[in-house]
Amino acid sequence: MSDATPTRPTGYSAWRLIAEELRADITEGRLQTGDRLPPESALATRFGVNRHTARQALASLAAEGLIESRRGSGTFVTSSAVHVHRIGMRTRLSTSLGNGHQPSGRVIESALETAPAHIARRLGIADDGLAVRVESLRTVDGEPFALGSRWFDAARLPDIAASLRRTSSITVALRASGVDDYVRVSTVVSARHATATESGLLGLGSGAIVLVTEALDALPDGTPLQHLVTRFAAQRVRLDIEHPDPTA
């Protein structure tokens with residue numbers, strides 16, 4: 001584990017910072033499944049806090065399923081899986097995670113609306129045009145994995161929301177609309193704390209981190225297809241950004 005003591009910016013709880021550091025130790029492999037965490041007293045000394053603060057941090061990680069307390073034995077890292085999601089020219093979750101995993105999804109909400117200006121520009125939507133927005137939840141092996149917000153040009157894909165509700169697969173839904181292939185044009189990655197709604201849908205504890213990707217997919221001829229913002233549960237995923245082979 002890292003030996004650094006987290007700073008405490010004004011207005012930000014010390015227990016959240018401790019939880020973040022321990023979460024990083026787990027998700028980045030410095031603490032492995034089955035490893036025993038130091039007792040509360042040792043954590044309190046390490047981070048310069050009282051035992052109650054250390055206990056809050058551990059309770060937060062336990063709520064996320066990252067650790068568990070065993071009576072008379074201590075607190076241990078659980079076996080929660082961390083998946084590698086590969087983002088390349090043709091990004092498909094069903095193939096990205098490899099064999100042995102079962103991704104699925106469901107539409108939470110959809111609407112026909114005016115897209116935010118920057119999204120409308122990226123999709124080439126006319127000033128008076130509308131977008132189809134679709135909110136969805138993806139799971140892997142039955143565990144919440146990511147939330148997606150997709151925007152499409154309603155003039156091009158008016159029935160995409162209904163197709164997604166019916167098929168639960170963006171690739172199948174697009175194929176039903178006559179789109180047989182599409183490619184990733186750009187992906188920007190950032191990180192932030194999950195909102196209360198995101199935490200509830202993804203099964204995350206207070207103070208949990210989400211990785212946010214903002215992406216644009218297009219048809220092979222370059223025509224913009226979808227603008228996609230995805231929030232991944234950071235503790236369950238590693239993003240592997242693939243670069244094109246410069247010799248190809």
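The legends below accompany close-up views of a predicted model.

**Figure 1. Overview of the predicted chain and its secondary structure elements.**
The chain contains 8 helices and 10 strands, and of its 248 residues, 46% are buried.

**Figure 2. The crossing of helix α2 and helix α3.**
Helix α2, which covers residues 40-47, and helix α3, which covers residues 51-63, have axes that come within 8 Å and cross at roughly 105°. Because of this angle, α2 is roughly perpendicular to α3. On the side of α2 the contact is formed by Glu40, Ser41, Leu43 and Ala44, while α3 brings Arg51, Ala54, Arg55 and Leu58. Sorted by class, the residues of this contact are 4 nonpolar, 1 polar and 3 charged.

**Figure 3. The crossing of helix α1 and helix α2.**
Two packed helices are described by the angle between their axes and by the distance between the axes. For α1 and α2, the axes come within 12 Å and cross at roughly 110°, and the two helices are therefore roughly perpendicular to each other. The meeting residues are Ile18, Glu21, Leu22 and Asp25 in α1 and Leu43, Arg46 and Phe47 in α2. This contact of α1 with α2 has 4 nonpolar and 3 charged residues, with no polar ones.

**Figure 4. Proline 39 in the loop between α1 and α2.**
Proline 39 belongs to the loop that lies between α1 (14-27) and α2, and with a relative accessible area of 42% this proline is partly exposed. Although proline 39 and glycine 74 are 35 residues apart along the chain, their C-alpha atoms are separated by 7.0 Å.

**Figure 5. Serine 60 and the residues in contact with it.**
Serine 60 is part of helix α3, where its relative accessible area of 6% makes it a buried residue. When neighbours within four places in sequence are left aside, serine 60 is in contact with Trp15, Ala19, Arg23 and Ser206.

**Figure 6. The largest cavity and its lining.**
Rolling a probe the size of a water molecule over the atoms shows where empty space is left. In this structure there is 1 cavity of 30 Å³ or more, and the largest cavity holds about 100 Å³ of space. Its lining is made of Gly105, Arg106, Val107, Val134, Ser136, Arg138, Arg150, Leu164, Ser168, Ser169 and Ile170. Strands β4 (103-113) and β5 (131-140) each give at least two residues to this lining, which comprises 4 nonpolar, 4 polar and 3 charged residues.

**Figure 7. The largest pocket and the elements around it.**
The volume of the largest pocket is about 430 Å³. Its lining consists of 28 residues, and those lying nearest the centre of the pocket are Thr91, Leu93, Arg138, Arg150 and Ile170. Two or more lining residues come from each of β3 (83-87), α4 (93-96), β4, β5, β6 (143-153), α7 (170-176), β8 (209-218) and β9 (224-233). By class, the lining of the largest pocket divides into 10 nonpolar, 13 polar and 5 charged residues.

**Figure 8. Aspartate 141 and serine 168, each with a positive phi.**
Most residues other than glycine have a negative phi. Aspartate 141, although not a glycine, has a positive phi of about 55°; this aspartate is found in the loop between β5 and β6 and, at 41% relative accessibility, is partly exposed. Serine 168, likewise not a glycine, has a positive phi of about 60° and sits in the loop between α6 (160-167) and α7. With a relative accessible area of 35%, serine 168 is partly exposed, and serine 168 is also one of the residues that line the largest cavity.

**Figure 9. Glycine 222 in the loop between β8 and β9.**
Glycine 222 lies in the loop that runs between β8 and β9, and at 47% relative accessibility this glycine counts as partly exposed. From C-alpha to C-alpha, glycine 222 and arginine 184 are 9.9 Å apart in space, while in sequence they are 38 residues apart.

Definitions and conventions
Residues numbered from 1 in each chain as written. Predicted model: local features only at pLDDT ≥ 70, side-chain atom pairs only at ≥ 80, totals over all residues. Heavy atoms only, no water. Axes fitted to C-alpha atoms, helices over the stretch in contact; angles between N-to-C directions. Helix = DSSP H or I, 4+ residues; strand = E, 2+ residues; numbered from the N terminus. Parallel < 35°, antiparallel > 145°, perpendicular 65-115°, else oblique. Contact = heavy atoms within 4.5 Å. Nonpolar A, V, L, I, M, F, W, Y, C, P; charged D, E, K, R; others polar. Buried < 20%, exposed > 50% of the residue type's maximum accessible area, 1.4 Å probe, protein only. 1 Å grid on protein atoms, 1.4 Å probe; cavity = no way out; pocket = protein on both sides within 12 Å on 5 of 7 lines; lining within 4 Å. Points joined across faces, edges and corners; volume = space filled by probe spheres on them.
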